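Here is a friendly first tour for anyone meeting this protein model.

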Amino acid sequence: MATESLGIPSYGLAIIFFTIAVKLLLFPLTRMQMRSMSAMQELQPKIKAIQEKYKDKPEKSQQEMMKLYKEKGANPFAGCLPLLIQMPIIFALFTSLRTFFDPVNHPSFVNLAKANFLWVPNLGQPDPIVLPLLTVLATFGQQYMSSMASAGKIDQTQRTMLIVMPLFVGWIARTLPAGLTLYWVMFSLVSAVEMVVIRRTAKTAKGAGSKA
């Protein structure tokens, strides 16, 4: 176990450190995602104008929008990249946690005495209350900061998703291994902090550019 070198062997801490490592690796993609989302937000008036101008010519409308995206360096699909990379990680964690911490059929190298973390008795089993509630709060924080970092405001559609999505994820988290839910909570918290950093960096760069 990686945390043994710190003198505090814990699978829970290992999951937290793993989450931070994943976020560091994904930071370039996240920054690209935020820049693209911000650019897309700024282009909305022009996109609507193109759609209205070529409402009877959908192919021409698509061509003009793709041309606009290229000119402004915006990628409408950039927001999907971090999520696509996340999916194999989530699936692998879901499978491995249920196997590793199985009270009966766990691998011989797994020490079940270290399978507990804080109030959770076994990271391979669901935590029905606390972690799902933390998941709701952390997902809300991540979505809020992501919207503010990309658009600087919350519109009506985003406001609805800001409420529905965290509740949905929290409901699902009730049935997932606690270790996977811990990963999601940490990922969301680190993502929220990441959005703050990206937003402040963008404001600083914009301010420096305007002074120049």
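## A threonine and its neighbours

Thr19 touches Tyr183, Met186 and Phe187, leaving out residues up to four places away in sequence; contact here means heavy atoms within 4.5 Å. Before going further, please note that this is a predicted model, in which local features need pLDDT of at least 70, side-chain atom pairs count only at pLDDT 80 or more, and totals for chains, interfaces and linings use all residues. Residues are numbered from 1 along each chain as its sequence is written, and side-chain values use heavy atoms, with hydrogens and water left out.

Thr19 itself sits in helix H1, which covers residues 11-53. Helices are DSSP runs of H or I with at least four residues, strands are runs of E with at least two, and both are numbered from the N terminus. Is Thr19 buried or exposed? Thr19 is buried, with a relative accessible area of 0%. Buried means under 20% relative accessible area, exposed means over 50%, and partly exposed lies in between (1.4 Å probe, protein chains only). The Thr19 side chain also reaches the backbone oxygen of Ile15 at 2.7 Å.

## The whole chain

Let us step back for a moment. The protein has six helices and zero strands, giving the pattern α-α-α-α-α-α along the sequence. Of its 212 residues, 36% count as buried. Among contacts between residues at least 6 apart in sequence, 69% join residues at least 24 apart.

## The aromatic cluster

How many aromatic pairs does the structure hold? There are two. Rings of Phe, Tyr and Trp (its six-membered ring) pair if their centres lie within 6.5 Å; planes under 30 degrees apart count as stacked, over 60 as edge-to-face and the rest as tilted. The rings of Phe18 and Tyr183 have centres 6.1 Å apart and planes at 35°, so this pair is tilted. Phe18 belongs to helix H1 and Tyr183 to helix H6 (residues 178-211), so the pair ties together parts that are 165 residues apart in sequence. Tyr183 and Phe187 form another tilted pair, at 5.8 Å centre to centre and 35° between the planes. These two residues are four apart in helix H6, and therefore separated by about one helical turn. Together, ring pairs link Phe18, Tyr183 and Phe187 into a cluster.

| Residue | Relative accessible area | Class |
|---|---|---|
| Phe18 | 36% | partly exposed |
| Tyr183 | 0% | buried |
| Phe187 | 7% | buried |

Gln86 is found in helix H3 and is buried, at 4% relative accessible area. Leaving aside neighbours within four places in sequence, Gln86 is in contact with Tyr183, Trp184 and Phe187. Gln86 and Val22 are 64 residues apart in sequence and 9.1 Å apart in space, C-alpha to C-alpha.

Gln143 lies in helix H4 and is buried, with a relative accessible area of 19%. Its contacts, again leaving aside neighbours within four places, are Met161, Leu162, Met165 and Pro166.

Which residue lies in the loop between helix H3 (81-100) and helix H4 (130-150)? One found there is Trp119, which counts as partly exposed at 41% relative accessibility.

Note on methods:
A polar contact is a pair of N or O atoms within 3.5 Å; within protein, one must be able to donate a hydrogen and the other to accept it, and residues adjacent in sequence count only if both atoms are side-chain atoms.
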